[in-house]
Amino acid sequence: QVYIEDVSREFVESFIWPAVQAGALYEDRYLLGTALARPCIARGLVGIAQQERAPYIAHGATGKGNDQVRFELSCYALCPKIKVVAPWRLPEFYQRFPGRRELMDYAKKHGIPVPVTPQTPWSMDENLMHISYEAGILENPKVIDHGSHGAGGVSCICSLIGNFTAGPPVCWPAVIWAFSPLSTPLTHQWGWDCSKLPSPRRGKHGVGRIDIVENRFVGMKSRGIYETPAGTILYHAHLDIEAFTMDREVRKIKQGLSLKFSELVYNGFWHSPECEFLRECIGRSQEPVVGTVRLSVFKGHVYILGRESPRSLYNEELV
């Protein structure tokens, strides 16, 4: 049987919002778009496996990446008796298909449509939070090939307002004035729904696009290109309203918790006792984080324009 579940609201409210509250950044740059999705997927996977009384689950992650750890740790935490089938770690599989080219040849031979080609052999992961590109020609860290998979060189000016209640956003109206390379003004209105984030495909102005070499949990360094426009805007807006409303000493402690939280999420420990404890602590710190942030987006940068909050600790008269 095939189950196609819509878990977008759960992904945003149970995974993305806690990460926004935490100000989560892995190695100071990565906003964890893929790492946040994996425990959400695993939760749905285990739910269906239990419903069907299936003793096994399977995943297509490789034996060198982070996702094998994220899927399996989450599944074991949620259902300790489950058994995992991972083809990429079975000798009879990876000896026959040592790389992407062999898989593409097999798909072509058997008429299986796949989104990758020998000219674009990289791995892509897209969700409401971000889109990432890895592998293929990108495994050479000197290769500059952003134009082949990026959203394009369109510069935009955005005027945005973000409202926060105890950390997560509650309203996100925005009017975007985008100027194409031909200087033709375009206007687009976003209506915020807490089950949706602006699509990564709307990040044509380059906000949230990074090219990094990161440390994988399994011990190797990996080159990845990420586009997280909505997450980047949320990160900067939340950071600003948090600094405006949070006690200085609480914020120092919370910064340390955020660092550990980011590491746990990246390494696949979302459903661990220690990560649950951190989410509780960080959530408690967010009670005064209420207010509105105004910001602009221009040529790849996010600019804070102003903020206001009923819980502000800023004393204009004293200043």
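Biologist: Which residues form one aromatic cluster here?

Modeller: Tyr26, Tyr30, Tyr226 and Tyr266 do. Mind you, this is a predicted model, where local features need pLDDT of at least 70, side-chain atom pairs count only at pLDDT 80 or more, and totals for chains, interfaces and linings use all residues. Residues are numbered from 1 along each chain as its sequence is written, and side-chain values use heavy atoms, with hydrogens and water left out.

Biologist: How do Tyr30 and Tyr266 pair up?

Modeller: Edge-to-face, 6.1 Å centre to centre with 90° between the planes. Rings of Phe, Tyr and Trp (its six-membered ring) pair if their centres lie within 6.5 Å; planes under 30 degrees apart are stacked, over 60 edge-to-face, the rest tilted.

Biologist: Is Tyr266 buried or exposed?

Modeller: Buried, at 0% relative accessible area; buried means under 20%, exposed over 50%, partly exposed in between (1.4 Å probe, protein chains only).

Biologist: What sits over the ring of Tyr266?

Modeller: The charged end of Arg70, 4.8 Å from the ring centre. To count, NZ of Lys or CZ of Arg must be within 6 Å of the ring centre and within 35 degrees of the ring normal.
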